[in-house]
Amino acid sequence: QDKQYENNLLINKYFLLYEELSYAMNIGDIAHIETCIIAWTLIFKAMGKHKYATCMTEFLINLHFNYPVGLQ
């Protein structure tokens, strides 16, 4: 078990997730952004950053259930 290798894999995974989110934002792919937000929410919860996770969760809930049709 190579801890350094495992940590590098995790860091690369997070960097790729960031790149994916950044690319989706740049091209305006809203569905892809929503998918990325779900992954980031889980990461923030695992890191103990509950305010960020709550804000992202509330945004997705508002987007799908509370905002008028023109904003969904």
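Reader: In which helix does glutamate 20 lie?

Author: A helix here is a DSSP run of H or I with at least four residues, numbered from the N terminus. Glutamate 20 lies in helix α1. This is a predicted model, in which local features need pLDDT of at least 70, side-chain atom pairs count only at pLDDT 80 or more, and totals for chains, interfaces and linings use all residues. Residues are numbered from 1 along each chain as its sequence is written, and side-chain values use heavy atoms, with hydrogens and water left out.

Reader: Is glutamate 20 buried, exposed or partly exposed?

Author: Buried means under 20% relative accessible area, exposed means over 50%, and partly exposed is in between (1.4 Å probe, protein chains only). Glutamate 20 has a relative accessible area of 33%, so the residue is partly exposed.

Reader: Which residues is glutamate 20 in contact with, leaving aside neighbours within four places in sequence?

Author: Contact means heavy atoms within 4.5 Å. By that rule, and with those neighbours left aside, glutamate 20 is in contact with His32 and Cys36. Cysteine 36 is 16 residues from glutamate 20 along the chain, and their C-alpha atoms are separated by 7.6 Å.

Reader: Which residues make up the largest nonpolar core?

Author: In soluble globular proteins, nonpolar side chains tend to be buried together. A nonpolar core is a set of buried Ala, Val, Leu, Ile, Met, Phe, Trp, Tyr and Cys residues joined through side-chain atoms within 4.5 Å. The largest one here has 11 residues, among them Leu17, Cys36, Trp40, Phe44 and Leu60. The elements that give two or more residues to this core are α1 (3-27), α2 (30-47) and α3 (50-66). The most comes from α2, with six residues.

Reader: What does phenylalanine 44 touch, not counting residues up to four places away in sequence?

Author: On that count, phenylalanine 44 touches Lys49, Tyr52, Ala53 and Met56.

Reader: How many helices and strands are there in the chain?

Author: A strand is a DSSP run of E with at least two residues. The chain has three helices and zero strands.

Reader: Why is the chain called more spread out than a compact globule?

Author: The radius of gyration is taken over C-alpha atoms, and the globule rule is 2.2 Å times the number of residues to the power 0.38. For 72 residues the rule gives 11 Å; the chain has 15 Å, well over that, so it is more spread out than a compact globule. Along the principal axes, its C-alpha atoms fill a box of roughly 50 × 30 × 15 Å. Of the 72 residues, 19% count as buried.
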